[in-house]
Amino acid sequence: ELMMLHYRSIAVLLLLVSLIYISFADEYDGESDVVHLDAENFDENIAEGVWIVKFYAPWCGHCKRLAPAWKAAATKLKGQANVGRVDCTVDSGLCSRYGVSGYPTLKSFVHGVVKDYTAGRQLDDIVKVGKMLSEPSVKAVESRSAVEDLAKEDITAVIFLLEAAEGAEIHRAYEAVALNYFDKARFLRVAPSDDAAPGQIKLLCFKDESFVDFDIVKGANGITDVTSFVDAHWQSSTPQLDSGNFRALTSRGTAAVAILRGSDAATKQKAIRAMREISKSSVGSHFQWSWLDGEAWTEFVTQSLGVDMKTLPRLVLWEPDAYMHWTWENVTADSLDSMQPFLDAFATGNVTPQGEGATNIFYRLRKYFFMLYAMMSENIITVVVVSVAFPILLLISCLWMCASGPTVTEEKKKQ
């Protein structure tokens, strides 16, 4: 029996050692097109060309799950963009230099210029970003009509167009901004029309299938004007929801999300146009509108939002922080006649919420706690007031309770 116990102890020990080895084993051991970057070769490599870099730790579960897509992207992008990795357990100084506080952290580099990677983390997303980065940040076109031709391919596209003479100083500012917003919009340039005034510069934005008011950029170095204009107009009124913009599009009140089939172009365009129309209404303007490709996010759509894929396109109202969502069985995202009654019913409280937050008070309290925390963190006066007032109120409450209750002596007299 002692011998059997000894063997079992050895077996358990070997199992534990194996598990520890698997946990800490680097998923990139072996051949891969992913470039291993470290403190010695990082600056030299990053200074040239296009790079997408993953800062990770070998023991990180999320890092391990991303590894297959990262390797495949490196192979697909070979010759166009470089895909690299930095092991932060080895090169912690390098990771600190780029503000890495969680794993994995992804960043892009174009000729040494760094930018946070905010796109999706699926293979197709990574490859798409790599290809976009490898192309010129600004593309020259022959006329303004080229913008509308490009927009026909994707009605949610946002396209900026600079009309300025060749060699104008503004081009440098425009290219710098385009490089910073490469993953959010397209940037084109064209020579001024024949009837344009000498030195005239126009910056236009085409989104939601129409040109928005153009801005005349004044001065030779108009990077401030260009940045302000692009920052104000880069987002479509009905953007596609993905892992990169999820927080930005769902953290401002109630999100109205159309669950669509990405492969059904006709229905997608019809739904997006319907959403744009209803978002302008008095009720629709209170929601943050976007659309989600249900085919790419099938598991999330069916399990988290409880939507049957057979019923697409569907409109779902959603508050992720409260763990609640709302929908009707007969609400289709491509019909104004279907969506308007649903929004009206929601506004009057006549739609039953679904999700964990609808049945568990803990999730609701959690939402309000974070809302209070966010408000306090943005307003130093609120922090001071709450910090001072709360202890005072607590002390007053304790004194009042002590003063109002019977004392021990009074209790004995009664007895």
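Trainee: Let's start with Glu 163. Buried or exposed?
Mentor: Glu 163 is buried, at a relative accessible area of 9%. Buried means under 20% relative accessible area, exposed means over 50%, and partly exposed is in between (1.4 Å probe, protein chains only). Keep in mind that this is a predicted model: local features need pLDDT of at least 70, side-chain atom pairs count only at pLDDT 80 or more, and totals for chains, interfaces and linings use all residues. Residues are numbered from 1 along each chain as its sequence is written, and side-chain values use heavy atoms, with hydrogens and water left out.

Trainee: Which side chain does Glu 163 meet in a salt bridge?
Mentor: Arg 144, at 2.9 Å from N to O. A salt bridge here is a side-chain nitrogen of Lys or Arg within 4 Å of a carboxyl oxygen of Asp or Glu. Glu 163 lies in strand β7 (residues 159–163) and Arg 144 in the loop between β6 and α6, so the pair ties together parts 19 residues apart in sequence. Helices (H or I, at least four residues) and strands (E, at least two) are DSSP runs, numbered from the N terminus.

Trainee: And how accessible is Arg 144?
Mentor: Arg 144 counts as partly exposed, at 34%.

Trainee: How many salt bridges are there by that rule?
Mentor: Seven. One of them joins Asp 43 and Arg 97, with the closest N and O atoms 2.5 Å apart. Asp 43 sits in helix α2 and Arg 97 in helix α4, so this pair ties together parts 54 residues apart in sequence. Asp 43 is partly exposed at 43%, and Arg 97 is partly exposed at 48%.

Trainee: What about Arg 276? Which residue is its salt-bridge partner?
Mentor: Asp 208, with the closest N and O atoms 3.3 Å apart. The pair links distant parts of the chain, with Arg 276 in helix α10 and Asp 208 in the loop between β9 and β10, 68 residues apart. Arg 276 is buried at 7%, while Asp 208 is partly exposed at 22%. Shared partners join Asp 208, Glu 209, Arg 273 and Arg 276 into one network of salt bridges.

Trainee: New topic. What is the mean pLDDT?
Mentor: The mean is 78, and 76% of the residues reach 70 or more. pLDDT is the predictor's confidence in each residue, from 0 to 100.

Trainee: Where is it below 50?
Mentor: Residues 373–381 are one such stretch, with four contacts beyond near neighbours in sequence. Contact means heavy atoms within 4.5 Å. Residues 404–415 are also below 50, with one contact beyond near neighbours in sequence. Where pLDDT is low, the predicted coordinates should not be read in detail.
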